[in-house]
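Let's work through a structure together by asking how we can tell what we say about it. Take a look at it first, then follow the questions.

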Amino acid sequence: MKTPVLVELHNVVKHFDISGGFLDRISWRNGKLTQRRTIVHAVNNVSFSIHEGETVSVVGESGCGKSTLARTVMRLYPPNSGEIRYRGERIDNLSRNRMRPYRTKMQMVFQDPYASLNPRMRIRDTITEPILFHNPHLSAHEAAQRAAEVMEQVGVNPDWGDRFPHEFSGGQRQRVSIARALAVDPEFIVADEPIAALDVSIQAQILNLLMDLQEQRGLTYLFISHDLSVVRHISNRVAVMYLGCLCELADAEEIFQAPRHPYTQALISAIPKIGATGFSHVKLTGDVPTPIHLPSGCVFHGRCPHARERCRQDIPRLHALPSGTHVACHGVEEGWI
Ligand SMILES: Nc1ncnc2c1ncn2[C@@H]1O[C@H](COP(=O)(O)OP(=O)(O)OP(=O)(O)O)[C@@H](O)[C@H]1O
Ligand code: SF4
Ligand SMILES: [Mg+2]
């Protein structure tokens, strides 16, 4: 049985206007002064839910919008349109003040722990800062005690609280970032490539730590990763993105054993050690188009070996298959794939 929904995304759109200043936008065309805007369509109409205690991973090629989606869910970027709900309450339109209670419930762990920690701050202060900010009634001593508890929980010796980030190894620094995220007792953690910058030998330790913490604290994860073997290991469900669009959402085992969207099939079949069985290998040709000029219809049609005329015109909508997998593909919906 599924647990209640914690986070919901409904048609979330995030675009970046990179037109620059007025002088960058104007040009002469046919004897007229015209103004042109340049928009990066980073996240396009993405909808899905994350249930309490589960790990949903987001995968897709570089630049497909994973980090933008993660930051938009965290309200670090305001969405252009769509809704984000937390326990049923809309949070996409909340003011900074009204968002504050959710800031303790939702925390983020970044790829580069060195960049996300203040190099001039002792790590005890780095961890107590959010505790005191969100719990102003606590004394400094109580906050330090709570910091020591989370440091211990993530495997950082609390006696090292006086040290600075540069005095730690990469893996230890990521443990400190995780401790900082946990310090305010969150329910939901967005982890954007949390092990990608670490030594391979350390990656498994941090991954195991995240999984142990999930079990101990009943955490819910939105996990972003390039590494499909890691995703398979850690996820309950997987969301596949291409050019800012969600093309498939399925249980982790289902997506690795029986991927349905041609892009997912290509992504998974390209990795021999994972290589799902029971579907034909899909070889992609061509480059990923730019998110500034999104292709019409299905954004994948220029590279899809199954594309038909309809694919060039109509945008496929995410629909549910009897297996529970959700796919946005005309071919799957109409049965010609
Ligand atoms: N602040 C920004 N301003 C303008 N464009 C941006 C900004 N952030 C991201 N983009 C663009 O939005 C698109 C999606 O980027 P994003 O970083 O979300 O991709 P990603 O899937 O996380 O990639 P990677 O796997 O390399 O981390 C890219 O084309 C990127 O250049
Ligand atoms: S909608 Fe058409 S182009 Fe897009 S993935 Fe399906 S078959 Fe390919
Ligand atoms: Mg990214």
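Q: Which element gives the most to the shell around ligand 1?
A: In this predicted model, helix H2 gives the most, with three residues. Strand S4 (39–51) and H2 (66–73) are the elements that give two or more residues to that shell.

Q: What makes a residue part of the 14 that surround ligand 1?
A: A residue counts as near if its C-beta atom, placed from the backbone, lies within 6 Å of the molecule. The closest of the 14 are Phe16, Ala42, Ser62, Ser67 and Thr68.

Q: How do you know which classes of residue make up the shell around ligand 1?
A: Phe and Ala count as nonpolar, while Asp, Glu, Lys and Arg count as charged. Sorted by class, this shell holds six nonpolar, seven polar and one charged residues.

Q: Why are strand S1 and strand S6 said to pair?
A: Pairing needs at least two bridges, and five bridges join S1 (residues 5–17) to S6 (residues 81–86), so the two strands pair. They run antiparallel. Arginine 85 in S6 is the bridge partner of glutamate 8.

Terms used: Residues numbered from 1 in each chain as written. Chains lettered and ligands numbered in written order. Predicted model: local features only at pLDDT ≥ 70, side-chain atom pairs only at ≥ 80, totals over all residues. Helix = DSSP H or I, 4+ residues; strand = E, 2+ residues; numbered from the N terminus.
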